[in-house]
Amino acid sequence: MGSRRLSFADALELLGVDPPRIAALDRALGGALNLATGGASGTVLGMVSGRGRIVGAGRDAVRGLGGRLGRAAARDERTDVLRAAHTVIVVVAWFEALEEAALPFSVDELELTRDEQTLIATSVSGGASHPNGHWQSLLTVEAPLPTPDIPPEDVPSLLFPYYLVMAETFDHFLDGLALTERIPAGQRAGIRASLIDMAQAAIARYERLYAQLAEQAPEFRLWTTGIEHRATRAQVRLALSGIDTLLARTARTLAPPVDVAAALARAHLADLGHPVLDATSAPEGFEVPALEDMYLDPDFRVAAPGRQGSPADEQWWEQVDVRQDLTHYLAGALTGPALTRAPLLVLGHPGAGKSVLTRVLAARLPAAGFLPVRVPLRDVRAEDELQDQIEQAIRAVTGESTTWPELVRAAGGATPVLLLDGFDELLQTTGVHHTDFLVRVARFQRRESAQGRSVLALVTSRTAVADRARHPEGMTALRLEPFRPEQIQRWLAIWNEANAASAHPLTWEAVDRHRELAEQPLLLTMLALHGATDTGLRGETGEPLAVTELYEELLSTFARREVTKTSPGTVPEHVLEERVEQELQRLSLVAFALLNRSRQWVSADELDGDLVALLGKRVSQDTGFRTPLDAAEVALGRFFFVQRAQSLRDGRVLATYEFLHATFGEYLTVRLTLRLLSDLLPARPSAFSLAESRIDDDLAYALLSYAPLSSRQMMRFAAESVRRMPSAERDRLASRLVEVLRVHGARTADPYPAYAPAAVRTAARHGLYGANLALMIVVLRGRTTAAGLFPEAPDPVAAWHRHCMLWRSSMDEEQWTDFALTFTPRRDWGEDGGRALTIALREGALRAPQPVDANWLFGYPRGHGGEVWQRSYWDELWHKAAVAGATPDAILRLALEPVLGTLGPALTTFVPVDGERATSLAHDLLELLLRDTTELTDDELVALYERAVRGLGRLYHGSHNFDGVVQALLTAHERDKDRLGGRVRAMLRNQLLGSVDRLS
């Protein structure tokens, strides 16, 4: 039957009911089973009077479900039988509820005249979408089928509208009977009130029938028990253990695979015994456990992508509950019809275990019922059709060449399960050419279903690229979640047991400090391998490593191990250290390649271009950067914390690189930045001090002029790194960077013109470089002043403002937000009484900024009293904000439009008070209107009104804004007048030219 809808008649036939009996039932129901042309009254009356026949036929059909399943020759045939059984119980449940309903008449004894039938037909069709009404739809349209991604408690909510429509159609039928006076008028209202109860009764009967089906067919239990049995959720399950047992119950009658299908099954099973990671990555003497011993079922979220949000959006996933029953979920999904129509998209971050999941699933599926075919998309030709890619993968695993139809025939009736691993690699390496890949998979499934070879499909991909592909209708997405503490602890126990002879067991206390890494399975393995060293996750003092220390230790240790492997003979320690540093610097250039392109991956071609532009082709031992260019790809590929995605296209390997965790790249970016900037320090004072020596910051400018370094993690790494520097060195470096910040704008030529990771204007590059210099100065000093950043500027505060405008114009909104949130500015007065501005790194949660003091803005002394002053450019403020049009400014302008339009000049009318900050009249009016004045004492409230009245006195009475300001002040006064003394009232009267009416 494939994926087409099942009517009630189709379902009866699939369940083995004799065709003559179905035909007789159809005639008794007025042709309802086959959409006959009989009138609505005849159809409804026939179904009401024939409800017993419907129930009887349905019960007989599902009673023989077990035997019918036993005769199923293939997995897809079994699935069709299960769908048929479900369709039958949905219909039977309604008519059982109807049978037990208390009706005030005997439908079986009704003999309606032709006129009565016409009257009832008019009534029924008036509430139905076609002449035969919704009841006929009940018998011809398949009901919603439970799936393992829908909680059982939600199934009634899917069926209730379905049953409620039936109740409404029956209600119209009763209206017709009432019109013919077949129902006493006094009984009609009571029947109508019970219709909702009838729909709920049908759901209760459905649930009872569903439980009976689950006793005959384990699939029905698989579709729901993974969610119902919440007591098992907290368990940490190992390597999908039990899924083979669960699924074997559904495939006991199917023949085992032969020939190439059997070879494929053997290869998958053997994979379980292989180490979870390449054993050569482990230190000597350590054991890497096998896949079946080490893989833990991750938690997950599952949902169907819709129009609202995307599976690539973290916020979209936050609305979905976390589940801990992956084994049960997969067993249910693989036995239902949904995965024959569209693939299950399995998402996760790098290192989350997507590929390992496909390996374990391929090994665990029972060969008697399922034929798993794992296709690593990185190893097949990207331009080929899906069927060709499948056949390439089979040959790679078994050594045998076969065609897809031959493989399916050799499977002995088992359902093929395509495990297409690494869809994101196709997207990253080939661009837009495969955005329709998921749609093509679904199209392949439809073709196979039409040929009687239903295919289940599962596709893995990184979460971040899930929005770069079109999703076929009916697709479900599943996202793997990070390990929770119980899973990490279980993993550690397995690891330590396998390495019981080790003198350095890996403890939860040591790992918990670095939870952000330990939550990802592959990164947890990396921590374990590093923990196997003498120092492990603790420093020389025995204290747990700080975050930057851990990253340095991890990266240096793995770099040293790889360099040692590839170095012939004994290498002197200083040479070894130099080569390790070269490896880390090369990795740092990968990190900058990602940062400066504003993405998490870079192609091999792009990276090669960067290296040529920055390092040149000559090999020199003078600096760690001058390493052979052709060694770059080899060097990156051998670090397993760098993920190498690849695909084959036109016989050529296309590759991209990314870090398993974004923080590796962020740390390496900061690491190289500090080394480049430290190189700007002069080795010794210039012999000719009258001339200003040139600062060679060409490489620093090239790398630091495409993106800001202000992400939260980079700031964390930078702050921790500089804390380990001697204070004198920090001060010297900060002073040197101030010099660079002063002169960098005078650069006339691009020192590395071939290095262009992004299209950025020259002015914007100057802005970004200056922003990064200022950022690092603040990091080095902890806090600084505008005068400290711009010591030669006549007005350092104005210089800070001008530079901020340049920096902002050089960044997109997200970059500017990160950059601005890095700082906490404080405006104050210097020792000379002039304006001073302090800039510090922000610590802790975001708090409201320092209140504005108009005295500081306009250069008055702190606490200046004096006269009210006014500026005339309030309308220019409004206009300039509109011209710039930035979203944050526009949001503020939108909120303030009533203020600007009504209060106008009050924005630029400033009221000083001795010993306090100066505010504007608009500020004071809004404070009175919007603030809860009960929080103020009477004296504070009076003082606020007096300030507002003083400001009012500065406005021109003939201005069109004057009345708006007065009205705002009087509105507030009306609320607070009982707390205000006569002085405020007198001041108001004087300002309003004695108009007592306006105060009454």
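Residues are numbered from 1 along each chain as its sequence is written, and side-chain values use heavy atoms, with hydrogens and water left out. Because the model is predicted, local features need pLDDT of at least 70 and side-chain atom pairs count only at pLDDT 80 or more, whereas totals for chains, interfaces and linings use all residues.

First, the chain as a whole. The protein chain has 45 helices and 15 strands; these are DSSP runs numbered from the N terminus, helices being H or I of at least four residues and strands E of at least two. Of its 1000 residues, 53% are buried, where buried means under 20% relative accessible area, exposed means over 50%, and partly exposed lies in between, with a 1.4 Å probe and protein chains only. The chain exposes about 44400 Å², and carbon and sulfur atoms supply 51% of that area, as computed by the Shrake-Rupley method with a 1.4 Å probe.

I turn next to a sheet. Three strands form an open sheet in the order E10-E12-E11, with antiparallel pairing; two strands pair if DSSP finds at least two bridges between them. Strands E10 (783-785) and E11 (823-829) stand at the edges with a single partner strand each, so one side of each has no neighbour in the sheet. Seven bridges join E11 to the antiparallel strand E12, residues 835-841. Pro 825 stands opposite Ile 839 in E12.

Now to a helix pair. Helix H35 (residues 762-781) packs against helix H37 (residues 796-810) at an angle of about 120°, their axes 8 Å apart. Here the axes are lines fitted to C-alpha atoms over the stretch in contact, and angles run from 0 to 180 degrees between N-to-C directions. Residues making the contact (heavy atoms within 4.5 Å) include Gly 767 and Gly 770 of H35, and Leu 806 and Trp 807 of H37.

Finally, consider Leu 929 in helix H42, residues 921-930. Is this leucine buried, partly exposed or exposed? Its relative accessibility is 32%, and Leu 929 therefore counts as partly exposed. Leaving aside residues up to four places away in sequence, Leu 929 touches Ala 968, Thr 971, Ala 972 and Arg 975. Leu 969 is 40 residues from Leu 929 in sequence, and their C-alpha atoms are 8.1 Å apart in space.
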